[in-house]
Amino acid sequence: MRPYKISGFKRSFGLIFIAAAVVAVGSVWYWNLITERLAQDARVSIVAGSRELALDFDRLLGAQLQVLASIGVSLEQSPLLQQPARLTEYLNRQNKRNVFTLTGFQFTDGKALFSNGAVLRHFLSKAEVEEAFEHSRYVSERKKNPFDDSAMLVFAIPLRRDGERLGVVFGVQAVDAYETALAGATLPDGGLSFIIKPDGNVVMGYPQVAYQNIFNLGTQARFDGDLSAEKLHQDMQNGRSGLTGYTLNGSHRFSSYYPLGYNGWYALSVLPTASMAEKAQSLMLMSLVLCFSIIGVLGILLIFILRMQYQNSRALFRLGFVDPLTGADNLNAFRLKFPKAADAFRARGVPFALTVINVNSFKAVNDIYGFEVGDQILRQVAQALQGALEEGELFCRSGADVFLLLLACPDRAQLERRVDRLALQAGRFCRAGGEDCLPMSLTCGMYLVDEEVPFYIMMDRANLAWAAAKQRAGRTCAFYDEADRRQIVTEKRIESSMDQALEKGEFQLYLQPKCDFKTGKIKSAEALVRWKHPVRGLIPPDSFIPVFEKNGFVLKLDQFILQQTAALLKQWKEQGLEQVPVGVNFSRLHLDDPHFIDTLVQTVDRAGVEHRLLEVELTESVVFGHVERMKQVIDGLHEKGFSVAMDDFGSGYSSLNVLKNLYFDCVKFDKEFLASGEGNPRMRQIIAGAVKMIKELSCSIVAEGVETQEQADFLSGIGCDLAQGYFFSKPLPAAEFTQRLEKNQSHT
């Protein structure tokens, strides 16, 4: 397996080119979208602009006519109309209060008085006066101011008294004064605003333009779609509003027209689309600059990342697939290489085996010589093992002092001899700096790969073979064999049926009596479990208890035995039998449960059983290594009134140390401890001394495994209190034990 390599920078440039092409295509699409959107916005804006301009002018002209109307109301009933001098003075005062340039009054005979004192004949023509009386108001066309030749508009309101015409009050306003209103309504970016007549003549405009009639320009313009100057003219003649687009002198424009309420005038707004194109082009240019800047930055970043990845690929490879201590493959690399190597062996028709090699007692090397020396030895072992590989074989360090190999196996005996030599050579000449040789022993487990199973199962089988080799004295190597397979199958069969067996009541309570040495009468008992399988018959505890301890099912089983024991004690009480104490064994898993004592109390109390009748038995192996926790548990049990027994005393090397730290009510001698005393006077003295010492600790003693009269006599003679064993009784089903208990009490 080779570390990952970058194929080159061409791929990155290709990606950048593709990204640029995508951006270009997207930019064109975006340009068209923006242009269309701006055109749509322009249409909406120009229509709204022309309408707003028309409404503003309507309000402006109406306000000015309203000013004249208020003046007219004052004059209709006033004698000022018969007093020219006072009328002029009045008009002058009013003119100062309004927005008109001049204010005046024209009599029916054509004489016009102005607020500035001037007098003219027929300032308003007869036709204009007639129109004012006909419509009750009048706004003139664009006219020349007689006083300064400037353009002006004239507003007039007719006056009557008792149905008789008195004349018209008028106001003069310069056309330039309306440019402010036009400027406010003018669209940005080169837009134009006009007030025009239906015939196309311009009344006023902003900014000022040279042409006087817009229809004259229409003949030179090319309109969009089916629009034309004639349609525009017809709309204005009929008082309709509209929107048109046209091209004039190479420039495209939108034009919107909206009718005013005076003289048939129209508000006309014009917006060149060149401004929209410039805006779209500006937006597009900014977008392109931004996009290509991003692509450039991303390209540089991509190249930098690829370069860094290329430089760090070996480091990442070593981190994931190389053992940092030995430089060899680690388990990840081994697993990746395994399928290809296995296929190569199969193609050549060569059997192969997965081999686990472990350095024995390596922890002691670290403890004695230190970790630096230990690491050096591991490197030497790895070098020796890896150097002995043949073509197609694999090697890795899979754990602290564990190595994994895939080796050709043309013959089992041949491979076993090879691995024996390999282990001997790898461990024989280990050196640590200037130290002398530190011979190390290795143990090997081999699994001949003969079926398609997951890799982890192969590992499990090789480890099982290693464990078997570890237990066999004088053996360096062991193959995974049928016995190991049968053990696994048996364990799986047990695990697959244990829950169902508990539900169906296949687990049964047995009790083995604890008897008086002299009379043989039952004084107490130990609760045991048996599995009565419907097909396999009675299964001994040694076959299933270790499996249950590994998978945790022993917690349920212990609780079941406790419930059955409590129920049996309750039954004896109801039958009027004497309730003898019963000892129940508990796994270490129970003792790790902080609620263990509470559960125990609830179970016993639910059955109405006195706590003194239940004895908790703890094995030496359970207690050892957990002394502080066990002290808390034992103290808690004593507080609740339970007695506690130490089971299997003498089976290990820590019995006396356990007794030193923990307070037991009873000690049970292991049967192997007692059997070792037969025919051995020194051992008998040790047993007698142990009994004496334990008695001085105020503990009762139960001897397990009593099978002969000689053993019974000896144990009774040295002070043991009770005997448990086949000499007195084998374990009995609960019903048989109850019957024996009845007989036991009937002879009392």
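## A loop residue with positive phi

H122 is found in the loop that runs between β3 (119-121) and α3 (126-135). The model described here is a predicted one. Phi of H122 is near 55 degrees, which is a positive value in a residue other than glycine. Most residues other than glycine have a negative phi. H122 has a relative accessible area of 40% and is therefore partly exposed, since that class covers values between 20% and 50%.

## A strand residue with positive phi

D648 also has a positive phi, of about 60 degrees, and is not a glycine. D648 is placed in a strand, β24, which covers residues 643-649. The relative accessible area of D648 is 23%, so this residue counts as partly exposed.

## Overall make-up of the chain

How many helices and strands does the chain have? There are 24 helices and 28 strands. The chain is made of 748 residues, and 45% of them count as buried. Its accessible surface comes to about 38900 Å², and carbon and sulfur atoms account for 53% of that area.

Among contacts in the chain with a separation of 6 or more, 61% are between residues 24 or more positions apart.

## The largest pocket

The volume of the largest pocket is about 1300 Å³. Its lining consists of 40 residues. E526, L528, D542, N585 and D647 are the lining residues that lie nearest the centre of this pocket. Sorted by class, the lining of the largest pocket holds 16 nonpolar, nine polar and 15 charged residues.

## The second largest pocket

The second largest pocket has a volume of about 390 Å³. It is lined by 15 residues, and those closest to its centre are D460, L464, I488, E491 and K492.

Which element gives the most to the lining of the second largest pocket? It is α13, with seven residues. By class, the lining of the second largest pocket has seven nonpolar residues, seven charged residues and one polar residue.

T355 is part of strand β14, which spans residues 352-359. With a relative accessibility of 0%, T355 counts as buried, because buried means under 20%. Leaving out residues up to four places away in sequence, T355 touches F403, L404, L405, L407, C444, G445 and M446.

C396 lies in strand β15 (residues 394-397). Its relative accessibility is 0%, so C396 counts as buried. When neighbours within four places in sequence are left aside, C396 is in contact with D329, N330, L331, F334, F403 and L404.

## A buried leucine in a helix

L232 is located in helix α6, which covers residues 229-237. Is L232 buried or exposed? L232 counts as buried because its relative accessibility is 10%, and the class takes values under 20%. Not counting residues up to four places away in sequence, L232 touches F215 and Y257. The C-alpha atoms of L232 and G242 are separated by 8.1 Å, and these two residues are 10 residues apart along the chain.

## Cysteines

How many disulfides does a search of the whole structure find? The search finds zero. C699 is accordingly in no disulfide, and the nearest cysteine sulfur to it, that of C666, is 7.8 Å away. A disulfide needs the two cysteine sulfur atoms within 2.5 Å.

C699 has a relative accessibility of 6% and so counts as buried. C720, at 7% relative accessibility, counts as buried too. C396, the cysteine in strand β15, is likewise buried, at 0% relative accessibility.

Conventions. Residues are numbered from 1 along each chain as its sequence is written. This is a predicted model: local features need pLDDT of at least 70, side-chain atom pairs count only at pLDDT 80 or more; totals for chains, interfaces and linings use all residues. Side-chain values use heavy atoms; hydrogens and water are left out. On a 1 Å grid over the protein atoms alone, a cavity is a set of points where a 1.4 Å probe fits but cannot get out, and a pocket is an open set with protein on both sides within 12 Å along at least five of seven lines; lining residues have an atom within 4 Å of a point. Grid points are joined across faces, edges and corners, and a volume is the space filled by probe spheres set on the points. Ala, Val, Leu, Ile, Met, Phe, Trp, Tyr, Cys and Pro count as nonpolar, Asp, Glu, Lys and Arg as charged, and the others, Gly among them, as polar. Helices (H or I, at least four residues) and strands (E, at least two) are DSSP runs, numbered from the N terminus. Buried means under 20% relative accessible area, exposed over 50%, partly exposed in between (1.4 Å probe, protein chains only). Contact means heavy atoms within 4.5 Å. Accessible areas come from the Shrake-Rupley method with a 1.4 Å probe; for residues, only the protein chains shown count as cover.
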